[in-house]
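Reader: Hey, can you walk me through this structure? I'm new to this.
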Amino acid sequence: RELVTAGGGLRAAIRIMKSYPDDDSLVTSACGILGELSQFGTNNANIISQVGGAELVIKAMSDFPDAELLQEVACSTFRHIPPGKGNRATKAAWIVVRAMENHPESAYIQFEASSALLKLATVAKPVAAVLRDEKVRSVLNMARKEFEEHVAPVVEEIDEILSEK
């Protein structure tokens, strides 16, 4: 990871996402690189956010809602990179919920998306309003029920945060 980061891996992944926005395979791979490198220190996560990585992940999720692997990788990425404040965080939350809606049978998406929403709820206050939305509650409750072992504890943490805000 250090070699990839030092060798310009973060910037290369961003360039790929900007240069080939219509190639879901390349965008998925680049998004995966961002997600992996973001786990290697807060500095990487902040750099990714500062150079527009969160916006590119949101765009990719929006452009390819049926691409299951991309949605998995993108939701996982949002567990580690800060989307920014206000509108960006809210937009990220809505697009993550959409991934849950579009892929209800994917345990991985349901877990990663719930975990991303938990992270978003802890770093951006406006996300609480999204998480209180009736439609979002329905999606979260469905995931909690369907994937009880892994998703239910995450949704319970979200509920705890909402009760405090």
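This is a predicted model: local features need pLDDT of at least 70, side-chain atom pairs count only at pLDDT 80 or more; totals for chains, interfaces and linings use all residues.

Reader: OK, how many residues does the largest nonpolar core have?
Author: It has 55 residues. A nonpolar core here is a set of buried Ala, Val, Leu, Ile, Met, Phe, Trp, Tyr and Cys residues joined through side-chain atoms within 4.5 Å. Buried means under 20% relative accessible area, exposed means over 50%, and partly exposed is in between, using a 1.4 Å probe and protein chains only.

Reader: Which residues have the most contacts inside it?
Author: Those are Met17, Met61, Phe78, Val96, Leu117 and Leu131. Leu117, for instance, touches Ala93, Val96, Val97, Met100, Leu131, Leu140 and Ile158, leaving aside residues up to four places away in sequence. Contact means heavy atoms within 4.5 Å.

Reader: Which helix gives the largest share of this core?
Author: Helix α7, residues 86–102, with 8 residues. Helices are DSSP runs (H or I, at least four residues), strands are too (E, at least two), and both are numbered from the N terminus.

Reader: How far does α7 reach?
Author: From its first C-alpha to its last, α7 spans 25 Å with 17 residues, close to the 24 Å expected at 1.5 Å a residue. The expected span is 1.5 Å times one less than the number of residues.

Reader: And what do the buried residues of α7 pack against?
Author: They pack against α5 (53–63), α6 (68–77), α8 (107–123), α9 (127–132) and α10 (134–146). Among the buried ones in α7 are Ala89, Ala93, Val96 and Met100.

Reader: New topic: how many salt bridges are there?
Author: The count is 6. A salt bridge is a side-chain nitrogen of Lys or Arg within 4 Å of a carboxyl oxygen of Asp or Glu.

Reader: Which residue does Glu55 pair with?
Author: Arg88, with the closest N and O atoms 2.7 Å apart. Glu55 sits in helix α5 and Arg88 in helix α7, so this pair links distant parts of the chain, 33 residues apart. Glu55 is partly exposed at 32% relative accessible area, and Arg88 is partly exposed at 33%.

Reader: Is Glu112 buried or exposed?
Author: Glu112 is buried, at 5% relative accessible area. Its side chain meets that of Arg79 in a salt bridge (3.0 Å, N to O). Arg79 is in the loop between α6 and α7, while Glu112 is in helix α8.

Reader: Which residues are linked in a network?
Author: Arg137, Arg144 and Asp159 are linked in a network of salt bridges. Within it, Asp159 and Arg144 meet at 2.8 Å, N to O.

Reader: How many disulfides does it hold?
Author: It holds 0. A disulfide is a pair of cysteine sulfur atoms within 2.5 Å.

Reader: What touches Cys31, Gly35 and Val57?
Author: Thr77 does, not counting residues up to four places away in sequence. Thr77 is in helix α6 and is buried, at 1% relative accessible area.

Note on methods. Residues are numbered from 1 along each chain as its sequence is written. Side-chain values use heavy atoms; hydrogens and water are left out.
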